Amino acid sequence: MSAKSFDILIQGGGPVGLACVAWCLQKFPEAKIVLLDRNPMNDADLAAADSRGIALSHGSKLLLDTIKAWPTECADIYRVHVSQAGRFGRALMTREELGQDALGHIVRYRDIHLTLRQALRVIKTKSSNFVWEHINADTDTSHILAKCVVHAEGGLFKTQDWVESGRDYEQSALVGLIEVEDAVPHQAWERFTSEGPLAVLPSHYGRNILNLVWCGTPSSSQARLALSDADFLKSLQAEFGSRIGQFLKIQDRRLYDLGLNYRKEITQGNEVWIGNAAQTLHPVAGQGLNLGLRDAYLLAEKLSILFSKSEDQKTVTAIEATLQDYAQSRKVDRSATIGLTDFMARIFTSNLLPIVIGRGLALSALQWLPPVKTALARQMMFGRR
C-alpha cells in the first residue's frame, strides 16, 4: 500500500479528537489532516450508546458554539448547593453572582459525541484535504505518515493502557437517572458523604428526572448496584437526606471505576497528548471533558497557525517548538484543574475529625467570602488563563 502523507494525524474520534479536528479546519480549511476514528461510521450505532450525563461548563458551551456543535438537548444549571452529609458547612453558588446565563450544563455523552460528528461533517465540506478514516483494532495504518501526531484516544480509568502518574481512589461511581417528587428546577446538588461525593444533577428529561452520581467504595457501590429498586431508593434517601425531596424511581444504574491518570509531559518530539489521553480525572468537580476541550481548542489554534505557513517553514524544529509552546501554555490550567480535582476527591472522603471540621469551615467560609467563591466558580467555568 502506497504511503499517504499529512501534516496532522489525530488519533481518536471521541469528543476531544473531533473537536480538535473541527477547530483546526475552521481556522485553516486547507489543512492536511487525517482522523483515525475507531467508532462506526453510522451514527445509528452510537445513538443507543453511552447515555450518562456529563457536566459541561459554560466556557465549554461558548467554545462548542463556535463550531455549531452544542447539543439541542441539555439541562442548564443555575444554582449549585454543596454540603456535607450529617455535618455542618454548606455553600450555594448562583448564576446571578457571576453574571452568567448558567453555571454549567448537563448533556448526555452520546449527544455531545453525535453533535460533534455532525458539526465536523458540515465543516469538512469546505476542506478537501481532510480525510476521516474509520478503523478497527486490525486496521493497518503504517502507510499513514504525518508531520505531527495528536493523541486523543481517551478512555476511562483502568481501561487505559498507560499509567504514568496518578492514583487509584479505590472508588466507583454509580450513575443513573433518579425521579424526585418535586425537584427545584435548574439546581445541582453536591453532597459529600463518608465514602465520597454524591451528586444529583438536572437532566433534559424534565424537572423531576435527575442525573445521579454516587461515589463510594467498590464493594459498597457493587452492593448498591445489586439492590432492588425499592431498597436502593431507601438507601439513597438515608444517605442524601430530605433536603431535595422524596426519591421515587431509579433507572439505568451503571458503575465506573474512578482514579487519576496524568502524563507529566504532554509532548514528545512531534507527538502531543490531549483530553483523557493526557489526563483522566475524578468526576467530583465535573472537569474532565471541559479540560479536554480547552486542550483541543488551544492546540488547534497553535497548529492552524503553523501549518498555514509555507512548506519551508513547517520544519521538524518548528513543529516541536510549537508543541512545546502549547504544553507551556496549558501548564497552569492543567496543574490547577488536576490539583483541585485530586484535592477535592481526597479531602472530602476523609473521616478524620480535624479534616471534617476543616471541611465544614471551608464550606462556610466559601459562602461568606464572595470573592473566593467567585474565583472558584470561574475556575470551574473557564479554567485558569
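**Exercise 1. Helix H1 and helix H5**

Is the crossing of H1 and H5 left-handed or right-handed? Describe how the two helices pack in this predicted model, and list the residues that meet.

*Solution.* Step one is the handedness: the crossing of H1 and H5 is left-handed. Step two is the geometry, for which you take H1 as residues 15-27 and H5 as residues 109-124, and find an angle of about 25° between them, with the axes 9 Å apart. Since angles under 35 degrees count as roughly parallel, H1 and H5 are therefore roughly parallel to each other. Step three is the contact itself, in which Pro15, Leu18, Ala19, Val21, Ala22, Leu25 and Gln26 of H1 meet Tyr109, Ile112, His113, Leu116, Arg117, Leu120 and Ile123 of H5. Sorted by class, the residues in the contact of H1 with H5 are 11 nonpolar, two polar and one charged.

**Exercise 2. Helix H1 and helix H8**

At roughly what angle do the axes of H1 and H8 cross, and within what distance do they come? Work out the relative direction, the handedness and the residues of the contact.

*Solution.* Begin with the axes of H1 and H8 (residues 288-307), which cross at roughly 30° and come within 8 Å. That makes H1 roughly parallel to H8. The crossing of H1 and H8 is right-handed, whereas the crossing of H1 and H5 is left-handed. Next, collect the residues: H1 contributes Pro15, Val16, Ala19, Cys20, Trp23, Cys24 and Lys27, and H8 contributes Leu289, Gly292, Leu293, Ala296, Tyr297, Leu299, Ala300, Glu301, Leu303 and Ser304. Finally, divide the residues of the contact of H1 with H8 by class, which gives 13 nonpolar, two polar and two charged.

**Exercise 3. Two buried strands**

How many of the residues of strand S13 are buried, and which strands pair with S13?

*Solution.* Start with S13 (residues 209-216), where eight of the eight residues are buried, so that the strand is mostly covered. Ile209, Asn211, Val213 and Cys215 point one way from S13, while Leu210, Leu212, Trp214 and Gly216 point the other way, and all are buried. Next come the partners: strand S10 (residues 165-180) pairs with S13 in the antiparallel sense over eight bridges, and alanine 173 has cysteine 215 in S13 as its bridge partner. Strand S12 (residues 197-201) also runs antiparallel to S13, joined by four bridges, with alanine 199 having valine 213 in S13 as its bridge partner.

Now turn to S2 (residues 33-37): five of its five residues are buried, so S2 is largely enclosed by the rest of the structure. Ile33, Leu35 and Asp37 point one way from S2 and Val34 and Leu36 the other way, and all are buried. Strand S1 (residues 4-11) runs parallel to S2 and is joined to S2 by four bridges, and the bridge partner of leucine 9 in S2 is valine 34.

**Exercise 4. A sheet with open edges**

In what order do the strands of the open sheet that holds S3, S7 and S4 lie?

*Solution.* The order is S3-S7-S4, an open sheet of three strands with antiparallel pairing. Strand S3 (53-57) and strand S4 (75-77) stand at the edges with a single partner strand each, so one side of each is left without a neighbour in the sheet. On average, neighbouring strands of this sheet are turned by 30° against each other, direction ignored. S3 pairs with S7 (residues 104-108) in the antiparallel sense over five bridges, and alanine 55 stands opposite isoleucine 106 in S7. H5 lies across S3 and S7, and runs at about 85° to S7.

**Exercise 5. Leucine 46**

Is leucine 46 buried or exposed, and which residues does leucine 46 touch?

*Solution.* First locate leucine 46, which is found in helix H2 (residues 44-47). Its relative accessibility is 9%, so leucine 46 counts as buried. Leaving out residues up to four places away in sequence, leucine 46 touches Asn39, Pro40, Arg110, His113, Leu114 and Arg117. For the pair of leucine 46 and arginine 110, the C-alpha atoms are 6.9 Å apart in space, although the residues are 64 residues apart in sequence.

Notes: Residues numbered from 1 in each chain as written. Predicted model: local features only at pLDDT ≥ 70, side-chain atom pairs only at ≥ 80, totals over all residues. Heavy atoms only, no water. Axes fitted to C-alpha atoms, helices over the stretch in contact; angles between N-to-C directions. Parallel < 35°, antiparallel > 145°, perpendicular 65-115°, else oblique. Left-handed = near helix turned anticlockwise from the far one by under 90°. Contact = heavy atoms within 4.5 Å. Nonpolar A, V, L, I, M, F, W, Y, C, P; charged D, E, K, R; others polar. Buried < 20%, exposed > 50% of the residue type's maximum accessible area, 1.4 Å probe, protein only. Pairing = 2+ DSSP bridges.
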